[in-house]
Amino acid sequence: MNRLARSEIVKEIGISISLYVLIISVLGYFFYRSIVAVFVIGIILGFPYYLYSSRLINRRIKWKQTLEFKEMLRILSSEIQAGNSVENAFYNTNREMKNLSEKSTLAYYCEYITNGIKNNEPVEKLLYEMSDNLQIEEVKDFVEVFAIAKRSGGNLREIIKDATNSIDSKIELKREYKILISSKQFEHRIMCMVPFGIIGYIGLTSKGYFDLFYKDISGRIIMTAIMIVYLGALLWGEKIINVKL
């Protein structure tokens, strides 16, 4: 894993931890009104949240890298269509990717491939290393097609053009799907906040209305059952709207 990918992960982890602290604070206050409950909930939900957030972080980073790869592939294909050799095409692609963003993961790999070419390493080997590290379906598809074309001695220009068009269409389809479900995701998260808004409003306008639920064991059992049902509905909704394409 390169330093750029690590910095992205550190940033995502920071956001995830901040969100977790907010979530358990809200749950502890609304369901128990207890600081002790916040710590207990934090311990109980810590590992499940870690697993869940890890998948989301990985998915977001992979999608960002996929879009970067789409741009890299567009530039590389244009260079090869212009009549450049594969090696020169990668040199030019490396320069263009640096101009777009030196901090992107694919810019890092373009630099890595270019340096490998300068050291007389086979392009296929460098691409396979990139594919193994990124673990992105579209990258794997392209590398396989590229390697087969190089070994078979086919029309590399046309093969790369066709592969680029196919992969570009696939990524665009995924982008359209994400746009399609983004509104549903927003609606779901708004609906998840509505109960807290209602409880907060009633608590402010009718002092002591919910006190019975926080003073004895039966009330705490009821609130615990409600919290479990709420979290179950939340996770169920998230699972529905986060279907992998």
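Student: Is Phe-210 buried or exposed?

Tutor: Bear in mind that this is a predicted model. Phe-210 has a relative accessibility of 16%, and the cut-off for buried is under 20%, so Phe-210 counts as buried.

Student: Where does Phe-210 sit?

Tutor: Phe-210 is in the loop between helix 7 and helix 8, the latter covering 212-215.

Student: And which residues is Phe-210 in contact with, leaving aside its neighbours within four places in sequence?

Tutor: Ile-199, Ile-202 and Gly-203. There's also a pairing across the sequence: Phe-210 and Phe-30 are 180 residues apart along the chain, with their C-alpha atoms 10.0 Å apart in space.

Student: OK, zooming out. How many helices and strands are there?

Tutor: Nine helices and zero strands. From the N terminus on, the order of elements reads α-α-α-α-α-α-α-α-α.

Student: How does the radius of gyration look against the globule rule?

Tutor: The radius of gyration is 25 Å, while the rule gives 18 Å for 245 residues, so the protein is more spread out than a compact globule. The C-alpha atoms fill a box of roughly 80 × 30 × 30 Å along the principal axes.

Student: What share of the residues is buried?

Tutor: 37% of the 245 residues. As for the accessible surface, the total is about 14,800 Å², and carbon and sulfur atoms hold 64% of that.

Student: Back to helix 7. What span should its 50 residues have, at 1.5 Å a residue?

Tutor: Helix 7 runs over residues 156-205 and should span 74 Å. The C-alpha atoms at its ends are 72 Å apart, which agrees.

Student: Where does helix 7 bend?

Tutor: At Ile-181, by about 30°.

Student: Switching to charges. How many salt bridges does the structure hold?

Tutor: There are 13. One of them joins the side chains of Asp-168 and Lys-70, at 3.2 Å from N to O. Asp-168 belongs to helix 7 and Lys-70 to helix 2, so this pair ties together parts 98 residues apart in sequence.

Student: Which residues are linked in a network with that pair?

Tutor: Glu-172 and Arg-175 join Lys-70 and Asp-168 in a network of salt bridges. Asp-168 is partly exposed, by the way, at 29% relative accessible area.

Student: What about Lys-98, which residue does it form a salt bridge with?

Tutor: Glu-111, with 2.7 Å between the closest N and O atoms. Lys-98 is in helix 3 (residues 86-100) and Glu-111 in helix 4, 13 residues apart. Lys-98 counts as partly exposed at 33% relative accessibility, and Glu-111 does too, at 25%.

Student: And where do Lys-184 and Glu-187 lie?

Tutor: Both are in helix 7, three residues apart, about one turn of the helix.

Student: Last topic, backbone angles. What's phi for Arg-33?

Tutor: Near 50°, a positive value in a residue other than glycine. Arg-33 sits in the loop between helix 1 (3-31) and helix 2 (35-81), and at 36% relative accessibility Arg-33 counts as partly exposed.

Student: And what's phi for Asn-120?

Tutor: Near 65°, and Asn-120 is likewise a residue other than glycine with a positive value. You'll find Asn-120 in the loop between helix 4 (105-118) and helix 5 (123-134). With a relative accessible area of 71%, Asn-120 is exposed.

Note on methods: Residues are numbered from 1 along each chain as its sequence is written. This is a predicted model: local features need pLDDT of at least 70, side-chain atom pairs count only at pLDDT 80 or more; totals for chains, interfaces and linings use all residues. Side-chain values use heavy atoms; hydrogens and water are left out. Helices (H or I, at least four residues) and strands (E, at least two) are DSSP runs, numbered from the N terminus. The expected span of a helix is 1.5 Å times one less than its number of residues. The bend at a residue is the angle between axes fitted to the seven residues ending there and the seven starting there. Buried means under 20% relative accessible area, exposed over 50%, partly exposed in between (1.4 Å probe, protein chains only). Contact means heavy atoms within 4.5 Å. The radius of gyration is taken over C-alpha atoms; the globule rule is 2.2 Å times the number of residues to the power 0.38. Accessible areas come from the Shrake-Rupley method with a 1.4 Å probe; for residues, only the protein chains shown count as cover. A salt bridge is a side-chain nitrogen of Lys or Arg within 4 Å of a carboxyl oxygen of Asp or Glu.
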